[in-house]
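Biologist: Could you take me slowly through the aromatic rings of this protein, and show me what they pair with and where they sit?

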Amino acid sequence: MRFRHRLAAGFATLLLPLTGLVGLATPAHAATEATATYAKPQDWGSGFEGKWTVKNTGTTTLGSWTVEWDFPSGTSVTSAWDADVTSSGSHWTAKNKSWNGSLAPGASVSFGFNGSGSGSPANCKLNGGSCDGGPGVPGDAAPSAPGTPTASGVTETSVKLSWSAATDDKGIKNYDVLRGGSKVATVTGTTYTDTGLTAGTDYSYTIQARDTADQTGPLSGAVAVRTTGGVVDPPPGSKVKLGYFTEWGVYGRNYHVKNLVTSGTAAKITHINYAFGNVKNGQCVLDDSYAATDKAYTADQSVSGTADTWDQPLRGNFNQLRQLKAKYPHIKVLYSFGGWTYSGGFGQAAQNPAAFAKSCKAVVEDPRWADVFDGIDIDWEYPNACGLTCDTSGPAALKNLMSALRTEFGANYLVTAAITADGSSGGKIDAADYGGAAQYLDWYNVMTYDYFGAFDKDGPTAPHSPLTSYPGIPQAGFNSADAMAKLKSKGVPSAKLLLGIGFYGRGWTGVTQSAPGGAATGAAPGTYEAGIEDYKVLKNSCPVTGTVAGTAYAYCGGNWWSYDTPATIGTKMTWAKNQNLGGAFFWEFSGDTSNGELVTAINNGLK
């Protein structure tokens, strides 16, 4: 029952053409006093960044260099820099540019490329000879990953990191220490103390080993660290004020993380759900990597006021959220998986909850953005019931999945779920063990909206987010009060229930009466989808003409809309406090006005 209109706004990744690059001359002799080593600085699943380093290990100047290698089928170079790269089938050749071919004794030069696929190079040749310095010298393997670092001695401004050593066939030279994916130090030992940190701030650290040939191995696991002091977390009993940020909103809606700052919203919320990660083959996966991690922001577009660079490890929404948390340390961010469109994968996930939970933690704790997320939200629409697709996992599936997530993530992460608000007898709440699953969760986002709308094109007109029942309501149990009462009867504590608010309206056209209950002919026109419109538009285009069941409705020009206003939100927040609920959440930020009218009403109402 949740509004999930994803804007179809694609993008094309521009790749440098390889077919037009300069042809390479055949190397005239073999160089036995130079090496070529390969590393993979970044891997984003469907592609990667590769890097070759040529080093002159001899005593005379190397005049030029040519590196050759083979890729397995399905792996290829898509763009390259600092070398001219060509291919013949699966065989790839890179030749120095005019300005980087000469290498003095002991000097080295690197060139890089972006690749598709996941294979690794084989059969390397440097100037016709072995890449490891000569035909009789065994190959030099890259080092292993160091152990996941542990943190100790955490203060307001520093933390000590320790890790177990990596291994290498020729020996380890040193270790790179990465904070948030960026190198902050290179050390020879297996400990490092990072200083100059900000109090009350989340950081993530990984370690990468280098061998004696300066080859880098894979990253270690990530450790999350929060420095002491700074902004104090809300005291126990304070209310949650959570909003959904949609990944695709950066396209047609042109809504970005910085809008949370300019609207004044960031100071008035406690949590953000980033929507949505996908669920494929029973696993959590990143959905739109361009919006999440790659989109570059100029200085005026970014939260920090600093422009993204082409080579920084993380860009996109995730980096902007990182900057937002640095500016507003009280905000916690959860990665939400599923939603109306992506809930079809949960049935397979329920067959192996432990594997699903492990996959989710791997995405949430990816070393490139592990410091961004404070937890995970599961938006399964709906366990053992029908949404876009129908699930038959059984009543215990939700409980089993939540138990596995809590076991995998532990007590220091938030684990939450967005759930049905169908309070009818024998409805969706009755289809799954929401009471049993609640013990593993910090809270439920109860989706108390989308009860009624122009998906029933003939009507009757009814408010899509009624707080209470009212005479003539089309379906008994389809209101917030009944949903909350049913969940409490299942054993869910009041403090683990958040009241849902829609920052949009639902409407019909062809309506002839102002009061609820009128007939209609179809969906009213909407900016992005018929029958749906943002509050920021409706407040002016079709002002409120009445209220019913604690929410507002509007009749204008044959169209009938229902939506919440600052006044009705105030009423709902008072009700939520009287019911001892844990707070409120809303879908989603971009429906609000540019000065955050609705968020302000939630914040004021929950004080």
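Modeller: A charge is said to sit over a ring if NZ of Lys or CZ of Arg is within 6 Å of the ring centre and within 35 degrees of the ring normal. In this predicted model, the charged end of K295 sits in that way over the ring of Y297, 5.3 Å from its centre, and the charged end of K40 sits over the ring of F48, 4.8 Å from the centre of that ring.

W81 counts as partly exposed because its relative accessibility is 24%, whereas W310, with a relative accessible area of 66%, is exposed.

F318 and W369 form another edge-to-face pair, with 5.0 Å between the centres and 70° between the planes. F318 lies in helix α3 and W369 in the loop between α6 (353-364) and β21 (375-379), so this pair ties together parts that are 51 residues apart in sequence. F318 counts as buried at 0% relative accessibility, and W369 is buried as well, with a relative accessible area of 2%. Both residues belong to one aromatic cluster, which is formed by F245, Y255, Y274, F318, Y335, F337, W369 and F373.

Definitions and conventions:
Residues are numbered from 1 along each chain as its sequence is written. This is a predicted model: local features need pLDDT of at least 70, side-chain atom pairs count only at pLDDT 80 or more; totals for chains, interfaces and linings use all residues. Side-chain values use heavy atoms; hydrogens and water are left out. Buried means under 20% relative accessible area, exposed over 50%, partly exposed in between (1.4 Å probe, protein chains only). Rings of Phe, Tyr and Trp (its six-membered ring) pair if their centres lie within 6.5 Å; planes under 30 degrees apart count as stacked, over 60 as edge-to-face and the rest as tilted. Helices (H or I, at least four residues) and strands (E, at least two) are DSSP runs, numbered from the N terminus.
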